[in-house]
Amino acid sequence: MLELVVFLCGAAVMILEIAGARVLAPFLGTSTVVWTGLIGIVLASLSLGYWLGGKMADKRPSPRILGGVILLASLFTLGTALSKTLLLDFLITYSSGPHLAVIVANLVLFAPPSVFLGMVAPYAMRLKLASVGQAGRTSGNLYALSTAGSIVGTFAAGFVLIAFLGSTAILCLVAGLLAVTAVFASRADMAGKAATVLLIALCGAGFTAYDHTLAEEGFHDVDTRYSRILVFESRDPDTGEPTRVMLTHPKHVQSAISLDRPLDLVLASTRFFTLADHFVPGAKRTLLLGGGAYSYPRRLLATNPEATIDVVELDPGVTELARAYFGLAENPRLRIFHEDARSFLNRNAGRYDVILGDIFNAHYAVPFHVVTRQAVQRIFDALNDDGVVIVNIIAAVSGKKGRFLRAVRATYADVFPTVALFPLGSPNDPEGMQNVMLVAKKNGPLPDALPKDPELALFVARRLATPLADDVPVLTDEFAPVERYVTAWW
């Protein structure tokens, strides 16, 4: 029975860790900083658990105590499911920096259950040990089973659970699994352990019913293969008109549509993309990296009967949400590729008049591998002779928080002869985070004439005339410290 206990607890550790990344992502992103904090805290917690488990096992080797340890891991996991949103919302509101928020979040949410799970293997080994002469084989067998459980938990979480369950449901499932495992570890106090299992089952059912109620009210909390996505109805802060938004971070809208005028582009950064026809008159072939709610492709196809567009969207779940809630429909002039943007660029042999970039993997971070010189060269090669690339960047224009923008600008200028920046935020706050549109032309200058559309003319008039400081190196596949530049922590 101890072998099964060790196996199940090993599986629980990895399910908890992988689910932890999903819990953190909507609030703190999916950057290297987040993964480093999560892995580091879990490993430190497991190490502390190994030490405590071995020490306790020598003093009081009892199956009943082992069952209690596992039960505590179960209760702390349930506590994580209950408190995660409140804590993370507090941290992103009041924390002084992303690194501190990541450390605190992991210490509070995932360290306690990890410590108790770390205690299981050395404690079980002490209970299983019959003689000193068998110590090596006994410890080897149990740690091998624990590792095998971790492997099964890794694949179960990554391939199955996340594809079918939300992060809260997964945490409740792990808590229930641990409560049952506690029963296996010790048959003492069966009534108390059965009550714990029932409590966790009721919490899981409650969360399911709550999610169903929210969905009926238009709020959808969906875990896709790659991220957690929220879809709900809101109002445009400028016009007050009803909208439906998609976001992967509670304070950053990724995509939006107007419910009254579905073809209108709600976000300023998306409306800027319509300048593509101004920068490249007669453009027919467009490539969009990052689909989101597919608001721009829908408008392009509806307003330009000669246009075709290829969209590269990593997450098929995002496309399904766009079909279900944002009016995306099949169109012979629209091709969708569900793959990483860089891998698409690496194998691409086609040519485009316009390439649009709108990819983010965290609150402000663009995946590093799509802004390196090697990636930019692929974009350059994928353009026709008069082609233009337009990239949405979120950064400050100046100051420490502007290093990412300066690095991306320097990288594009190392490949393209013409590069221009168009900040869309307040000109009175150059050190504040804002959307900045980077436009690079393969050959020749950008057109001098202003568009006829008044809003687009205002966009063009925002072209940054002041040169940026040359204080950061060109980004490369070898060295691209995107997270450090974006967080501006040091």
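User: At roughly what angle do the axes of helix 3 and helix 7 cross?

Analyst: This is a predicted model. Helix 3 covers residues 63-94 and helix 7 covers residues 167-185. Their axes come within 8 Å. They cross at roughly 170 degrees.

User: Are helix 3 and helix 7 roughly parallel or antiparallel to each other?

Analyst: The axes cross at roughly 170 degrees. Angles over 145 degrees count as roughly antiparallel. Helix 3 and helix 7 are therefore roughly antiparallel.

User: How many residues of the contact of helix 3 with helix 7 are nonpolar?

Analyst: Helix 3 contributes residues including Leu66, Ile70 and Lys84, and helix 7 contributes residues including Leu171, Val174 and Leu178. Of the residues in this contact, seven are polar and one is charged. The nonpolar ones number 15.

User: Is asparagine 304 buried or exposed?

Analyst: Asparagine 304 lies in the loop between helix 11 and strand 6. Leaving aside its neighbours within four places in sequence, asparagine 304 is in contact with Asp277, Ala283 and Arg333. Its relative accessible area is 18%, and the cut-off for this class is under 20%. Asparagine 304 is therefore buried.

User: In which sense do strand 5 and strand 6 pair?

Analyst: Leucine 289 has valine 312 in strand 6 as its bridge partner. From strand 5 the chain passes through helix 11 to strand 6, in a right-handed β-α-β crossover. The two strands pair over five bridges, and the sense is parallel.

User: Which residue in strand 8 stands opposite leucine 288?

Analyst: Strand 5 and strand 8 pair in the parallel sense over four bridges. Opposite leucine 288 stands leucine 356.

Technical notes. Residues numbered from 1 in each chain as written. Predicted model: local features only at pLDDT ≥ 70, side-chain atom pairs only at ≥ 80, totals over all residues. Heavy atoms only, no water. Axes fitted to C-alpha atoms, helices over the stretch in contact; angles between N-to-C directions. Parallel < 35°, antiparallel > 145°, perpendicular 65-115°, else oblique. Contact = heavy atoms within 4.5 Å. Nonpolar A, V, L, I, M, F, W, Y, C, P; charged D, E, K, R; others polar. Buried < 20%, exposed > 50% of the residue type's maximum accessible area, 1.4 Å probe, protein only. Pairing = 2+ DSSP bridges. Right-handed = clockwise from strand over helix to strand, strands pointing away.
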